[in-house]
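Hello,

Here is the structure I promised to hand over. Please look through it first; my notes follow below.

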Amino acid sequence: MRVRTSLPLNSIKMDRWPICPATLSLVKFLEAGNKVPPIHVQPDGLGTFLILDGRHRVTACKLLGRTKIEVRYGIKEEVEPASCSPSQTGWGSTQGENQG
């Protein structure tokens, strides 16, 4: 079963915080009021969530001072990564920003 909701950013465990041209481009895109697909997470059983797809989106939201983010979650095999490429969302140049 997949669930779509919003979660506090501090409930999402991240192994790295990517700050690169793709992330900074995404910050500008979000500042302009644009939307991106929800990130994908997996409950860890401890009240927090492991990130499966969306590190750039989480980092961009943190840089913007946001406290919540839209997520989809379920078991890992059910969740397919969302493409957050410039051609599908309109953000970024073309420097590999498709790694959401």
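**What I found**

Helix α2 lies across β3, β4 (49-53) and β5. Helix α2 runs at about 115 degrees to β4. Angles run from 0 to 180 degrees between N-to-C directions, with axes fitted to C-alpha atoms, for helices over the stretch in contact (heavy atoms within 4.5 Å). Helices (H or I, at least four residues) and strands (E, at least two) are DSSP runs, numbered from the N terminus.

This is a predicted model: local features need pLDDT of at least 70, side-chain atom pairs count only at pLDDT 80 or more, and totals for chains, interfaces and linings use all residues. Residues are numbered from 1 along each chain as its sequence is written, and side-chain values use heavy atoms, leaving out hydrogens and water.

Now the sheet. Five strands form an open, mixed sheet in the order β1-β5-β3-β4-β2. Its edge strands, β1 (3-8) and β2 (12-13), each pair on one side only. Pairing takes at least two DSSP bridges between two strands. β3 (residues 39-43) and β5 (residues 68-73) run parallel, joined by three bridges. I39 stands opposite V71 in β5.

Next, helix α1 (residues 21-31). Its buried residues include L26, V27, F29 and L30. G33 follows α1, with a positive phi near 90 degrees.

Back to α2 (residues 55-63), where L63 is found. L63 counts as partly exposed because its relative accessibility is 45%. Buried means under 20% relative accessible area, exposed over 50%, partly exposed in between (1.4 Å probe, protein chains only).

Best wishes
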